[in-house]
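Hello,

Please find the structure below. My notes on what was found in it follow.

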Amino acid sequence: MAAELKVGIIGGGYAGMAAAAELAAANIPVTVFESAKQLGGRARGVSYNDTRLDNGQHLLLGCYRETLRLIELVGGDVERDFLRLPMQLDLHHHLELRAPRLPAPLHLLFALLNAKGLSWGERFKAARFMIALRSMNFRLPQDMTVAELLKQHGQDAGLTLKFWEPLTIAALNTPIAKASAQVLLNVLRDALNRARADSDMLLPSIDFTALFPQRAAAFIERHGGKVHLSCGVDAIVPEHDGIALQTAQGTQHFSHVICAASPATAEKLLQPLAGLDDTVQQITALQKQPIYTVYLQYPTQVRLPHPMIGLHQRISQWLFDKGRIAGQHGLLASVISAEGIHQALNQVELAQKVVVELREEFGINEVPLWSKVIAEKRATFCCAPNLQRPAQQTSIPNLLLAGDYTAGDYPATLEGAVLSGVHCAQLCLAGRK
Ligand SMILES: Cc1cc2nc3c(=O)[nH]c(=O)nc-3n(C[C@H](O)[C@H](O)[C@H](O)COP(=O)(O)OP(=O)(O)OC[C@H]3O[C@@H](n4cnc5c(N)ncnc54)[C@H](O)[C@@H]3O)c2cc1C
């Protein structure tokens, strides 16, 4: 029975590899086509000056259960592959919030009520807001922007600037004036309201290609599947008994196809197909938000006070000490999420700005040996209220869509991508003849 399913997957990012691994685990033959020379897509390892970097410093949450499950399925070990930190939000000199080892949601209430850098009034307002959200089951009758929701719940300017704004930008990669309150609440519900470990922050000690997609490729091949690199799909051709995929290397026929390419490519591939106008329109309507990462290699003795620390009202939003996280001593990463004034700077100016901030905030007077700025201009979709995201099931029965931008509770995240891939795999398995 299972042999009748033959699945082609376009894209070897986290969504595509999640779908492929899930199908391989059910002994379904899969073929993954990846246009790039390596797997990982928007979460991929990058080599620079003999140093292993990522295209952007990523952070996972303990509630990313499907991503963590699949990393283990393909041979990873979550406890070994990550530095796990209990929930904490440190904005250097401005806010210090740490969750104690108490059951959820007491850990959060305790953290809010004991936050350094917030007045007593601000702490109570934040705690009262969290209690109100919990009593609403983290569900709004009507979506709105995060800025509007904060105003409704009396979260004043200082509290917003120090707490809600950095949290929203980190979670949704979208400024609070544009971000969906409901999607933020979905993340808060899953991270803060169930087990305490769900709010843990996980920083990988290996790069993002090695962490999952590369291991998934080996797993898929062990289960009879194939992964083709540098092999982009040029066209999807529906046939009477399946779907063909055309590449420069030839045409292959499948019973099902999962398109897990980025939104821009999915739009191009789906446009010529009859009956997909609504899907294509939904993809076209998605606005994009950037993420910039500035890597600075300092002499090895340079360290930050914590593996991850935020800055208040600076260009750098979050700083990561790769020495503390991955043993890459002296390597610091500054992450700047969402649109902002930093986009007006060229890469040299931006790196210089970060160097000055590190000097002023932490007294780091050493000169970096090198710097590397990675600007991902289309890092994620802009997570606006009431966004219509395309469903995984298209109107062509055996053609499915996976990717962080497809329908789901989550913003553009690894977990959103993985959940969509797993859902597509389940739809294929449910459609087994
Ligand atoms: C800098 C940065 C920082 C981020 N930080 C975080 C974070 O901290 N936490 C978090 O959870 N998420 C984060 N994200 C978001 C996360 O990386 C993405 O949501 C996720 O990687 C998207 O995966 P995907 O598989 O949906 O898409 P993609 O990764 O875009 O995968 C699509 C794949 O399809 C391939 N492809 C394209 N065209 C074709 C074709 N014609 N044929 C075959 N293959 C094709 C691409 O090369 C790519 O490999 C960040 C993203 C960026 C860019």
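Two residues are in contact if their C-beta atoms, placed from the backbone, lie within 7 Å. With that cut-off, and leaving aside neighbours within four places in sequence, Leu-5 is in contact with Ile-28, Ser-255, His-256, Cys-428 and Arg-432.

Before going on, two notes on the source. Residues are numbered from 1 along each chain as its sequence is written. The model is predicted: local features need pLDDT of at least 70 and side-chain atom pairs count only at pLDDT 80 or more, while totals for chains, interfaces and linings use all residues.

Leu-5 sits in the segment before β1 (7-10). Leu-5 is buried, with 21 other C-beta atoms within 10 Å; a residue is buried if 20 or more other C-beta atoms lie within 10 Å of its own, exposed if 12 or fewer, and partly exposed in between. From Leu-5 to Asp-190 there are 185 residues in sequence and 34 Å in space, C-alpha to C-alpha.

The chain as a whole

The protein chain has 15 helices and 20 strands (DSSP runs, H or I of at least four residues for helices and E of at least two for strands, numbered from the N terminus). Its radius of gyration, 22 Å, is close to the 22 Å that the globule rule gives for 433 residues, so the chain is as compact as a globular protein of that length. That radius is taken over C-alpha atoms, and the rule is 2.2 Å times the number of residues to the power 0.38. The C-alpha trace spans about 65 × 50 × 40 Å along its principal axes. Of the 433 residues, 47% are buried. Among contacts between residues at least 6 apart in sequence, 69% join residues at least 24 apart.

Domains and ligand

The domain assignment (automatic or from a database) gives domain 1 (2-46 + 60-78 + 206-286 + 386-430), domain 2 (87-199) and domain 3 (288-381). The centres of domain 1 and domain 2, taken over C-alpha atoms, are 33 Å apart. Between these two, 9 residues of domain 1 are in contact with 13 residues of domain 2. The side of domain 1 that touches domain 2 has 6 nonpolar, 2 polar and 1 charged residues. Here Ala, Val, Leu, Ile, Met, Phe, Trp, Tyr, Cys and Pro count as nonpolar, Asp, Glu, Lys and Arg as charged, and the others, Gly among them, as polar.

Around the ligand there are 36 residues, the closest being Gly-11, Gly-13, Gly-41, Gly-56 and Thr-413; a residue is near a molecule if its C-beta atom, placed from the backbone, lies within 6 Å of it. Elements giving two or more residues to this shell are α1 (14-25), β15 (288-297), β19 (370-381) and α15 (414-430). By class the shell has 15 nonpolar, 16 polar and 5 charged residues. Domain 1 and domain 3 both give residues to the shell, so the ligand lies between them.

Two helices

In α10 (213-222), 7 of the 10 residues are buried. What covers them includes α1, β2 (30-33), α9 (208-211) and β10 (226-228). After α10 comes Gly-224, with a positive phi near 85 degrees.

In α12 (277-285), the buried residues are Thr-279, Gln-282 and Ile-283. Seen down the axis of α12, they fall within an arc of 95 degrees, so they line one face of the helix; the arc is that of the directions from the helix axis to the C-beta atoms. They pack against α11 (263-270). The face of α12 turned away from its buried side carries the exposed residues Asp-277, Gln-281 and Thr-284.

Regards
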